[in-house]
Amino acid sequence: MTWRIASQLALSGLSVGSIYAIVALSLAIPFKASRVLNFAQGELVTLGAYIALVLTSYGLPYAVMVPATLLIAAASGLLIERLVVRPIIGAPEFTLVIATFALGLIIRALIRIHWQDNVFFLPAPYAGPALAVGPLRVNPSYLVIIASTGILTALLVLFFQRTKLGKAMRAVSFDPTAARMMGIRVNTVFGSAWALSAAIGALAGLLLAPVIGINPELGHLIIKALIAAVIGGFGSLGGAIFGGLLLGVLETYTGALFGAALKEIIPFAILIAILLVRPQGLWGATPARV
Amino acid sequence: MRAHRIIIVIVAAFAVAVPILGSSYQIYLVELILINIVAAIGLNLLTGNCGQISLCHASLMAIGAYTTALLTTRFAITYALALPAGVFVTTLLGASLGYPARRLSGLYLALVTLGFLEVVSIAIEEFSDLTGGVRGLKLEKPELAGFPLHTAGLYYFVLAVAIIAIRAGLGLRHSRYGRAFDAVRQSVIVAQALAIPPGRTKLLAFSIAAAFAGLAGGLFTAVVGFIDPTEFDISASLRQITFIAVGGLGSVWGSVIGSVILTLLPEALRGADEYSDVLYGAILLAALVLAPTGIVGLFAPVFRRLGGGKAQLS
Amino acid sequence: MSLLAVNDVSVSFGGVVAVNGVTMRIEANEIRGLIGPNGAGKSSLINAITGMIRPDSGTIVFADRPIAALPPDLISARGIGRTFQHVELFRDETVLDNVLTGLYSHHVYGVVAAMIGAGRARRVEKETRREAAELLEAFDLTTLAAAPVRDLPFGIQKRVDLARALAVRPQMLLLDEPISGMSEAEADAAVATIRALAAERAITLLVVEHNMRVMMRLATRITVMHHGAILAEGTPDDVHSNPLVVDAYLGNADDNA
């Protein structure tokens, strides 16, 4: 394997991994805030992509369409939190998981009704033929994806460290009762967490769309995102990103070196290995003793 | 008690009459319900009673199905032996999940079972020479002791197995093991204080669930005559979870009711075509929000008043 | 030979020493009280005895066999039972079911027997229910057998907790704050019940309690802990008049009593 091929693979791995990372982030945020694992998160990614499709078909220029998509997605997240999550927040963990699964089913089915299983392509201004960067040939979409992940991470760090809402979210995820006593409107924080996570999911959808096309099954990558979150540790946002990138790179190299079958297995092998050896992942909090 | 008994008699009479009065499609449908009942009872003992989340129940069913199918088609072993062999293999593999269950719970355990599910899926696709891969495996109707099982015969066989499964489920539920399961679910610390070994109990729960799943899978091969990996994916597992969530967690009759309703529901919704998934999801969501203790939980007070005495529906 | 011998046991968490080289002997048929202010190390010591945590050093010997490295369920099987401060009953189950669960280890039959409803399983189940009925009778809970526990008053729940703990047929029973949350009348009744119980069933008791007044009447010997070590040990009168104890603890305890 030459340096050139290795670098190409690394790039492609990082870009796949960035998508995993972004979706893993969008899973981690409501989990940290309200301890609900949103099994419909994959569908929120898909929804984001379709929202973008609709807005683009109305003739919206890309620069306007992107923030509009994110806002609409955020609103959907808020709606979901209020209508689906809030009423059942007291129910056992189990019921919440199934409820979000049911929600995902509904979203996917609704999308199917309108657009069937057709694959649509989203034109993006940066998509185009591979650029030459030194000896490497680089797909510009990959660069945009990786760069977006970096920017998103930086923005989130600022958000959580510097803004009032961000600090409130951290407080709530640490100890909701204490946060309430400090005067933080916990319900508002929950809603915001879900809105934020839906927007981030939509971002993933926006970035994915030009690369692999829009179809109802986009949400399937939630499973990879879950694995990424496990690698990094469920409580850790940085872990989610690292986990996603690592997973993407490992997958890509495995596929190139050992073939497609092993490429499919490796994420789950890693998942099981981590859960058996160090379930809290690299940076997560140790799970309570069973 | 009385009303309870009467309902059972009516249902039993109905069940027996199906192959006589029903169309072959209706017979097939009831057979699917019975298979789902068997799988659901196992899952409910594991999740509803013992509190262990499992996302891989469908893949355990797959292991039972493929084992039974391969033994009958490739190795010409009679179904009467292939079926129990399938159960045996599935039980062994399912028991392996007891190991991670010792130290993990909730989300983490769910993820391990998810990993197990995906690995089994990939394995089925990869070993396509053996399993037919994504194209699936076509099977002939089974023979029992040399006699081919035609429609009615197969139906009564499946019915008999389902009844045995219900009996076994009830027997376990009301035994010391059922109590140990419930104890481990509610508090491992208290269970330990009562000399109940949590690790071994979880192992038992996983093994039993696997046995029921393997049995359901073996029956599936006989009834459907064709198996492929998409039948046993994450959606299938989640569907089985909905059976027990809607029917009633921890209740054998809940497994029965949930299986009946949620197997019939997609059929009933078939007319709605593309809206059927939406309606299914919506009904499921509504059921979870409105009846978090399941249908059995909703009707428990009714039964208490009718029957008197029984504090819990089994 | 002491029934329970705790030998130089130490437990620490993340740098904090909770139990510091504690040695304690409990003889059969004692009613041993364990008192000490919050943070004295009582819970950690109890957890070490019941197997919830493993001591960093030292040994624990029960009925002549070492138990410090055993998992909690095995220690329970060896004969150490316990009740819980906050009454950890199975809330959605009935009184009877709670007690039946306690009998798990004493009426055994196989899984397959259970599934097929074999004669053996049915017979053993009957015996289990008979013993459960006896326990309910002993605690005046027979009429409440089918009642879900969550609706019962706290005092009655404590009785159920005790009945369930006894179902394990312990040689030594650990009572964790058995009197907390009770009115004075209830407390007096409870003390009488507990003493009678210990005597009738020849059970050794280790009682953790804040209420000094109750402790004086209940215990035959008292161990006082402070800052992870044993401050004093002796008969209730000895301990009550021990100046060290008065200094460190009794001044505060009477406020809590």
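Begin by selecting chain A and chain C together: these two chains do not touch, and their nearest C-alpha atoms are 11 Å apart, where two residues are in contact if their C-beta atoms, placed from the backbone, lie within 7 Å. This is a predicted model, in which local features need pLDDT of at least 70 and side-chain atom pairs count only at pLDDT 80 or more, while totals for chains, interfaces and linings use all residues. Residues are numbered from 1 along each chain as its sequence is written, and chains are lettered from A and ligands numbered from 1 in the order in which they are written.

**Chains A and B**

The contact takes 31 residues from chain A and 31 residues from chain B. On the chain A side, helix 4, helix 9 (222-232) and helix 11 (260-277) each supply at least two residues; helices (H or I, at least four residues) and strands (E, at least two) are DSSP runs, numbered from the N terminus. The largest share of this side, 14 residues, comes from helix 4 of chain A. By class, the side of chain A that touches chain B has 27 nonpolar, one polar and three charged residues, where Ala, Val, Leu, Ile, Met, Phe, Trp, Tyr, Cys and Pro count as nonpolar, Asp, Glu, Lys and Arg as charged, and the others, Gly among them, as polar.

Select helix 4 of chain A (residues 93-115) together with helix 14 of chain B (residues 276-290), whose axes come within 8 Å and cross at roughly 160°. Axes here are lines fitted to C-alpha atoms, for helices over the stretch in contact, and angles run from 0 to 180 degrees between N-to-C directions. Helix 4 of chain A and helix 14 of chain B are therefore roughly antiparallel; angles under 35 degrees count as roughly parallel, over 145 as roughly antiparallel, 65 to 115 as roughly perpendicular and the rest as oblique. Helix 4 of chain A passes helix 14 of chain B in a left-handed crossing, a term used if the near helix is turned anticlockwise from the far one by less than a right angle, with right-handed used if clockwise. Residues to display include Ile98(A), Ala102(A) and Leu105(A) in helix 4 of chain A, and Gly281(B), Leu284(B) and Leu288(B) in helix 14 of chain B. The residues of this contact divide into 13 nonpolar, two polar and one charged.

Next select helix 11 of chain A with helix 6 of chain B (residues 106-126), which pack at an angle of about 155°, with their axes 9 Å apart. That makes helix 11 of chain A roughly antiparallel to helix 6 of chain B, and their crossing is left-handed. Among the residues that meet here are Phe268(A) and Leu271(A) from helix 11 of chain A, and Val112(B) and Val119(B) from helix 6 of chain B. By class, this contact has 11 nonpolar, one polar and three charged residues.

**Chains B and C**

**Inside chain C**

Colour chain C by its domains: domain 1 (1-79 + 171-182 + 204-257) and domain 2 (86-169), with bounds that come from an automatic or database domain assignment. Their C-alpha centres lie 28 Å apart, and six residues of domain 1 of chain C are in contact with six residues of domain 2 of chain C.

Then select the open sheet of six strands in chain C, which has the order 6-7-8-3-9-10 with mixed pairing; two strands pair if DSSP finds at least two bridges between them. Strand 6 (80-82) and strand 10 (229-234) of chain C stand at the edges, each with a single partner strand, so one side of each is left without a neighbour in the sheet. Within this chain, strand 3 (residues 31-35) and strand 9 (residues 221-226) run parallel and are joined by four bridges, and the bridge partner of Gly33(C) in strand 9 is Ile222(C).

Finish at strand 1 (residues 4-13) and strand 2 (residues 16-26) of chain C, which run antiparallel and are joined by seven bridges. Val6(C) stands opposite Met24(C) in strand 2 of chain C. The hairpin of strand 1 and strand 2 of chain C has two residues between the strands, and Gly14(C) takes a positive phi near 45° there.
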